[in-house]
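Please keep the structure in view while reading.

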Amino acid sequence: MPDIAQYPIRYWLWLSLAIPAGSSAAEKLLSAFDNDPKRIYEATEEEYAPLELSATTLKALLDKSLRKAEEIYNHCKQNGVFLLAPGLPGYPDRLCRISRMPLVLYCKGKLPDIDREATVAMVGTRRMTAYGKRMAYEIAYDLARAGAIVISGLALGVDAVAHRGCLDAGGFTVAVLGCGIDVTYPKENFELFEEIERKGLIVTEYPPGTRPFGSNFPTRNRIISGLSLGTVVIEADSKSGALITADYARKQGRDLFALPGMVGELNSEGTNHLIQTGALPVTDARDILSEYELLYPTKLHSRDIPVYRPIIRTDTSLPQSPKRKGVLKVAQAQHPEAVPEPSTAAPYCEPEQPIKETVIPKDLNGAHSEVYLCISELGEPTQDEIIAKTGLSASNAMVILTVLEIKGYITSLPGGRYTVQN
């Protein structure tokens with residue numbers, strides 16, 4: 001972390017506290033004072049006057065106390081939070097080139113050289129369909145396997161699944177928060193937050209202790225798109241917040257991709273409209289990688305994407321699917337052998353044989369096998385029923401159900417129920 005006595009981080013902190021995140025006042029001040037926060041701090045009311053700032057902003061700028069900045073700096077130092085600001089080591093140049101750049105970034109985890117990485121943002125609705133869930137996971141997984149960094153917002157739905165897919169592939173993911181770095185929101189993603197902190201990077205422009213106010217999230221979306229070469233919208237209705245990120249991406253000159261959806265489906269309204277207005281349609285990760293592989297020849301390798309794709313079986317037999325190397329932390333399991341069909345039309349039964357117990361795929365273990373067994377025993381349980389029986393958290397249950405569904409072990413049914421794939 002930069003030493004507050006040697007670097008102007010204290011002045012960036014002071015300025016970020018005086019001006020709301022994403023405010024145009026910051027651009028006015030930086031332009032007038034040569035991007036020097038110390039000069040802004042030392043300026044007088046007369047020097048501020050030509051900028052026509054609001055009374056609230058002017059009052060905050062005239063408070064020259066650095067006490068709060070020092071308190072935040074010390075709090076961050078004691079809690080393993082490192083600070084980035086424009087012009088200081090580690091702050092991405094990509095963010096310096098966007099409108100209303102963040103003045104301070106609070107970070108936890110590992111800091112890559114973002115400007116040298118192939119970064120892709122993935123966003124979408126919190127209320128995914130099974131199709132959206134599957135595609136979000138697969139695209140994020142494959143992007144990570146090919147060497148890209150996946151950036152999202154740690155929200156429920158598409159964000160969480162994209163982070164999960166990237167981590168399961170052994171990749172690096174960045175989560176951009178709409179609250180303080182010491183506030184876990186939503187609480188269902190607590191375990192995911194901790195895993196990203198260990199294996200990736202957590203970023204926010206909001207000071208420690210900032211609550212997740214609704215107005216924070218549209219503002220933070222400019223950082224998600226600003227850190228990325230391109231933004232992928234997986235599913236979004238016509239009023240989804242993901243479309244705000246898409247709009248930022250366009251204004252920032254970033255590439256925009258969208259997953260095509262079924263005409264007439266609510267979650268497809270936003271993505272299909274994006275495609276109609278110029279977004280590139282995406283059917284898999286290679287559609288995205290093809291835009292950047294030549295620019296990042298040492299970073300991106302689409303040949304590393306596994307060839308396996310889950311298939312929809314239309315017959316009653318259970319042939320073993322090809323294995324997908326290194327997938328999901330759980331390798332492709334062998335299916336239990338199917339009972340052969342009788343050769344005559346007569347009912348087939350062998351009463352002298354004992355009833356078979358549920359056969360759990362050999363490569364499933366731990367909570368994955370527990371959830372599989374739970375679904376098999378309960379028949380067609382809801383997620384709440386699975387949570388009640390297994391004692392898992394909602395976020396863990398969602399991730400495990402996603403993994404089992406993508407691998408073809410279970411199928412989601414109308415009404416939020418699940419069944420074992422027979």
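Of the 422 residues of the protein, what percentage count as buried? The share is 51%, where buried means under 20% relative accessible area, exposed means over 50%, and partly exposed lies in between (1.4 Å probe, protein chains only).

This is a predicted model, in which local features need pLDDT of at least 70 and side-chain atom pairs count only at pLDDT 80 or more, while totals for chains, interfaces and linings use all residues. Residues are numbered from 1 along each chain as its sequence is written, and side-chain values use heavy atoms, with hydrogens and water left out.

**Overall composition**

The protein has 17 helices and eleven strands; these are DSSP runs numbered from the N terminus, with helices (H or I) of at least four residues and strands (E) of at least two. Among contacts between residues at least 6 apart in sequence, 68% join residues at least 24 apart. Contact here means heavy atoms within 4.5 Å.

In helix α2 (residues 24–32), the buried residues are Ala-25, Ala-26, Leu-29 and Leu-30. They lie on the same side of α2 because they cover an arc of only 130 degrees around the axis, the arc being that of the directions from the helix axis to the C-beta atoms. Their cover includes α1 (9–18), α3 (37–42), α4 (45–48) and α5 (55–61). After α2 comes Asp-34, with a positive phi near 55 degrees.

Helix α16 (residues 383–390) has Ile-386, Ile-387 and Thr-390 as buried residues. These fall within an arc of 100 degrees when seen down the axis of α16, so they line one face of the helix. The face turned away from the buried side of α16 carries Asp-384 and Ala-388, which are exposed. Just after α16, Gly-391 has a positive phi of about 80 degrees.

**A pair of packed helices**

Helix α8 (residues 130–146) packs against helix α9 (residues 158–168) at an angle of about 35 degrees, and their axes are 7 Å apart. Axes are lines fitted to C-alpha atoms, for helices over the stretch in contact, and angles run from 0 to 180 degrees between N-to-C directions. Among the residues that meet are Tyr-137 and Tyr-141 in α8, and Val-161 and Arg-164 in α9.

| Residue | Location | Relative accessibility |
|---|---|---|
| Ile-98 | loop between α7 (93–96) and β2 (105–109) | 7% |
| Ser-225 | helix α11 (residues 216–226) | 0% |
| Ile-305 | loop between α14 (285–289) and α15 (366–378) | 3% |

Which residues does Ile-98 touch, not counting residues up to four places away in sequence? They are Glu-27, Arg-222, Gly-226, Gln-252 and Arg-254. Ile-98 and Gly-253 are 155 residues apart in sequence, and their C-alpha atoms are 9.0 Å apart in space.

With residues up to four places away in sequence again not counted, Ser-225 touches Thr-231, Thr-245, Tyr-248, Ala-249, Gln-252 and Arg-254.

Ile-305, leaving aside neighbours within four places in sequence, is in contact with Asp-142, Ala-146, Ala-285, Arg-286 and Leu-289. From C-alpha to C-alpha, Ile-305 and Ala-146 are 5.8 Å apart, although 159 residues separate them in sequence.
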